[in-house]
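Here are my notes on this model, point by point. Keep the viewer open as you read.

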Amino acid sequence: MAELPNQPWTLTLEQILDELDVSTNQGLTESEVENRRKQYGENRLQEAKGKSAWQIFIEQFKSLIIGILAVAAALSFAFSQWIEGIAVLIAIVINTAIGFFTEYKAIRSMEALQKLSSTTAKVRRGGRLQEIPSVELVPGDIVILEAGDAIAADLRLLEAANLQVNESSLTGESVPVGKSLPPLSGDIPLAEHLNMLYKGTALTRGSGEGVVVATGMKTELGHISELAQQAGAEQKTPLEKRLDELGEWLVWVTIAIVIVVAIAGIVAGRDIFLMVETAIALAVGAVPEGLPIVATVALARGMWRMAKRHALINQLSAVETLGATSVICTDKTGTLTENQMTVRRIMIDAGEIQVTGEGLETKGSFQRHNETFNPRENPVLPALLEVGVLCNNAALQPESSNESRVVGDPMEVALLVAGAKAGVQRQQLLEQMSEIREEAFDPDLKMMATIHQLDGQYRFAVKGAPEAVLQACSCILTDSGKAQMTETARQHWQERVNQLAQQGLRTLALAQKTTASEKADPYEDLILLGIVGLLDPPREEVIPAIKECQQAGIRVVMVTGDQPVTAKNIAIAVGLTNNQQADVVLGQDLRNPEELSPEASQRIVEASVLARVSPEQKLNLINLHQRHQAVVAMTGDGVNDAPALRKADIGIAMGQRGTQVAKEAADMVLQDDAFASIVAAVEQGRAIFNNIRKFTIYLLSGNVGEIILVSIASLLNAPLPLLPLQILYINVVNDAFPALALGVGEAEPALMKRPPRPASEPILARRHWLAIAGYGLVIAATLAGAFILAFIWLGMNQKQAVTITFMTLGFTRLWHVFNMRDRDSGLLRNEITRNPYVWGALVFCTGLLLIAVYVPLLSTVLQTTDPGVNGWLLILGMSFLPLIIGQVVKLINSQRGRRKVMRSHSR
């Protein structure tokens with residue numbers, strides 16, 4: 001069985017392959033992979049342990065509400081009030097249990113979501129190219145490398161073409177390091193291992209192949225993590241921090257209120273213990289300790305809903321920011337389009353050729369003037385198709401293969417399919433002209449080349465952006481041989497490129513040359529073969545998704561590296577613009593915002609289509625929009641997109657075609673690369689913030705009502721309408737479940753018909769505080785009315801009247817949940833009435849209220865009694881008053897809002 005090589009950087013290629021018992025052409029067999037996995041295990045580092053159940057349980061006792069209840073229990077026992085003391089201890093247990101189980105489930109849900117996102121690697125096994133999860137890599141695997149790959153294991157390089165690696169995570173060196181193949185001496189620093197790639201680093205340029213020499217904890221990164229397990233402090237999102245700040249502010253306000261109430265009651269001659277206990281009960285009621293827990297549940301539930309819509313969240317803070325997104329800068333290919341490319345047109349010197357066939361179907365024909373012809377009989381077309389197949393890193397498996405048919409970039413797959421339609425197969429060509437080396441795609445030059453040995457000479461196969469390839473060509477291949485590429489000819493070819501672009505096709509130029517030396521400049525004195533036009537149709541779901549964004553006040557901006565004409569046609573097709581004369585901003589105009597005039601800045605900010613944009617220019621675009629107070633979401637897939645993804649308020653990487661570097665830099669990864677998934681995630685972001693706002697208003701408004709009622713009663717030296725343990729029962733037991741139900745509610749339809757909220761808007765704005773105060777006053781007046789009516793109208797004693805108030809408060813707060821619907825939603829059908837968790841909470845909490853009256857032991861502790869028929873009629877009648885008043889106010893405000901909208905439209 002193969003052993004891990006010692007100091008692999010000192011070995012020659014032959015030695016390293018011999019020690020690992022593997023060949024580069026075939027790779028490992030499946031049986032060898034299985035044996036090595038048993039020997040070395042999975043390619044994983046030891047993961048930092050998440051919160052254990054015990055830690056979550058202990059943290060429940062660190063909360064402020066537990067501290068207040070503990071003081072209440074201690075005081076009860078100090079005053080020999082044993083029943084009250086035991087009741088408070090039970091309240092502590094109940095509060096702890098609710099907090100523990102909800103937080104435990106939410107944390108485990110988020111941990112499970114993080115495991116859904118995994119990296120992949122391309123390997124050669126059994127002579128076939130495969131894409132596998134990185135955790136399945138074993139020593140001896142032959143790994144195929146491209147720019148943008150995150151290195152998933154320690155590798156000894158076997159091939160390297162312009163290879164550069166960012167090793168800052170391992171060595172601290174911020175500048176990308178060039179790589180080479182020769183063996184090195186043994187006693188050199190890690191940073192000088194120029195023939196090695198290490199786990200945790202990232203390929204920034206070039207391509208190559210390497211053999212795995214260490215996996216998992218045996219890698220250099222594994223050694224480092226073993227020496228120093230770094231567990232960073234748990235990071236809270238801005239939303240959670242704001243909730244904490246709100247809670248702290250409420251604590252101080254509450255302390256001031258309860259001190260005043262306690263002193264007023266004692267001065268009025270009330271029992272000292274009763275007033276202290278009442279003050280503590282009010283403190284428990286006023287501090288919404290459930291906010292952080294319900295917020296965690298709301299975030300976890302929202303993340304699961306996003307995952308179901310193919311959006312995986314890397315950063316929890318992104319959930320909140322999504323809801324405030326005002327500009328989405330999206331790529332064209334694969335996001336607005338299907339990313340299933342098919343070669344439709346080929347421009348050669350003699351004219352235009354149509355190619356038939358759909359998708360990966362290798363059966364198709366080549367036509368000119370609607371007449372089918374044999375492509376091999378054309379003097380130019382076979383050479384063009386050969387270059388498209390040779391200058392290629394994709395793989396197309398036979399239809400009979402059980403493996404995934406394609407591996408690689410969709411554009412390169414389309415070139416393989418086009419070649420197959422003419423009988424041009426990559427493997428057969430490589431047997432005739434072996435590949436010597438590859439010049440990996442250079443984003444600055446916008447070209448890629450492969451060099452092949454043929455009959456003692458070297459054939460250079462080149463593909464790239466038409467404008468770049470045209471500049472590199474000195475000749476054109478025609479039916480009669482080579483012709484000079486004059487400036488007039490170059491301009492004519494550029495016009496032909498524009499013709500294809502106007503048909504909505506993506507364009508690619510192909511060229512070649514043959515030299516006596518493999519060292520020749522690959523991008524000099526080329527012979528142009530032709531231009532390929534590839535169709536990438538718009539996604540069907542994009543049009544309604546863009547319309548939804550426009551209704552939601554979100555601007556959608558297409559940012560592409562493609563031709564301006566192609567970009568405009570796709571923009572019109574998906575409904576991004578309906579103006580044929582729409583302004584298309586070119587990447588060259590995207591300079592540093594400080595260098596732009598106000599007019600130029602405004603033109604860019606208002607543009608919906610930007611073409612020929614480089615990754616560096618995306619940074620300027622984001623900066624410009626952010627200076628105009630926009631919250632920017634930016635999509636990206638390449639290694640060079642990583643800085644823009646980090647700069648954007650929300651970085652969105654493509655899960656299917658995106659590089660590993662882009663995925664790690666992003667806040668969110670789209671598993672299906674679809675624009676509609678971005679819109680769904682924004683909707684969920686809005687819904688989560690909306691839900692957190694709703695349950696905050698719900699909890700605080702009810703608590704304010706209690707405080708107003710008891711405070712006034714204490715100050716007026718009137719009988720207390722609520723007892724301390726009753727307040728505890730409502731706030732600790734009864735309120736938690738409706739609040740949780742509000743936290744996990746789904747988005748209501750009108751949510752995406754409003755403009756995005758300002759990013760700086762607090763959880764509770766002035767209008768929300770006014771609503772809390774208004775609801776609190778109504779609830780307090782309702783409870784006072786119920787208490788007075790029970791005394792005067794029904795002639796009840798104080799215990800019965802207090803029971804009436806207690807039950808009225810309980811049911812008032814249950815019905816009050818329906819006041820949390822959005823103003824513009826329906827009266828009977830809205831996001832609250834459609835929430836099954838709300839109905840479940842109402843049924844459950846109704847049962848809790850009934851047992852508080854009819855279960856003898858609990859009734860004794862809470863000092864309740866059967867209200868009787870008249871009492872229950874009073875309870876139900878009064879408890880509906882806040883709901884009725886709340887709905888009337890919402891209807892009035894809704895009518896006012898509609899009138900304002902109508903007046904604004906009529907102007």
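1. Start with pairing: two strands pair if DSSP finds at least two bridges between them. Helices (H or I, at least four residues) and strands (E, at least two) are DSSP runs, numbered from the N terminus. The model is predicted, so local features need pLDDT of at least 70 and side-chain atom pairs count only at pLDDT 80 or more, while totals for chains, interfaces and linings use all residues. Residues are numbered from 1 along each chain as its sequence is written, and side-chain values use heavy atoms, with hydrogens and water left out.

2. Look at strand E23 (residues 555–559). Strand E9 (residues 327–330) runs parallel to E23, joined by four bridges. Cys329 has Val557 as its bridge partner in E23. E23 also pairs with strand E25 (residues 609–611), again in the parallel sense, over two bridges. There, Val559 stands opposite Leu610. Four of the five residues of E23 are buried, so the rest of the structure largely encloses this strand. Buried means under 20% relative accessible area, exposed over 50% and partly exposed in between (1.4 Å probe, protein chains only).

3. Now go back to E9. E9 pairs with strand E26 (residues 632–636) in the parallel sense, over three bridges. Cys329 stands opposite Met634 in E26. Strand E27 (residues 650–654) is parallel to E26 and joined to it by four bridges. Met634 has Gly651 as its bridge partner in E27.

4. How many of the five residues of E26 are buried? Five of the five are. In a regular strand the side chains alternate between the two faces of the sheet. Here both faces are covered: Val632, Met634 and Gly636 are buried on one side, Ala633 and Thr635 on the other.

5. Turn to the nonpolar cores. Such a core is a set of buried Ala, Val, Leu, Ile, Met, Phe, Trp, Tyr and Cys residues joined through side-chain atoms within 4.5 Å. The largest has 108 residues, and Phe675 and Met807 touch the most other members. Helix H23 (residues 675–715) gives the most to this core, with 17 residues. Contact means heavy atoms within 4.5 Å. Leaving aside neighbours within four places in sequence, the contacts of Phe675 include Ile328, Thr330, Leu336, Cys549 and Val556. Another core, of 39 residues, lies apart from this one; among its members are Val343, Leu384, Met448 and Val532.

6. Check the cavities. On a 1 Å grid over the protein atoms alone, a cavity is a set of points where a 1.4 Å probe fits but cannot get out; lining residues have an atom within 4 Å of a point. Grid points are joined across faces, edges and corners, and a volume is the space filled by probe spheres set on the points. The whole structure has four cavities of 30 Å³ or more. The largest cavity has a volume of about 40 Å³. Its lining includes Val343, Leu384, Gly388 and Val532. Helix H12 (381–390) gives the most to that lining, with three residues.

7. Finish with helix H1 (residues 13–20). Which residues of H1 are buried? They are Ile16, Leu17 and Leu20. Exposed Glu14 and Asp18 sit on the face turned away from the buried side.

Note on methods. 1 Å grid on protein atoms, 1.4 Å probe; cavity = no way out; pocket = protein on both sides within 12 Å on 5 of 7 lines; lining within 4 Å.
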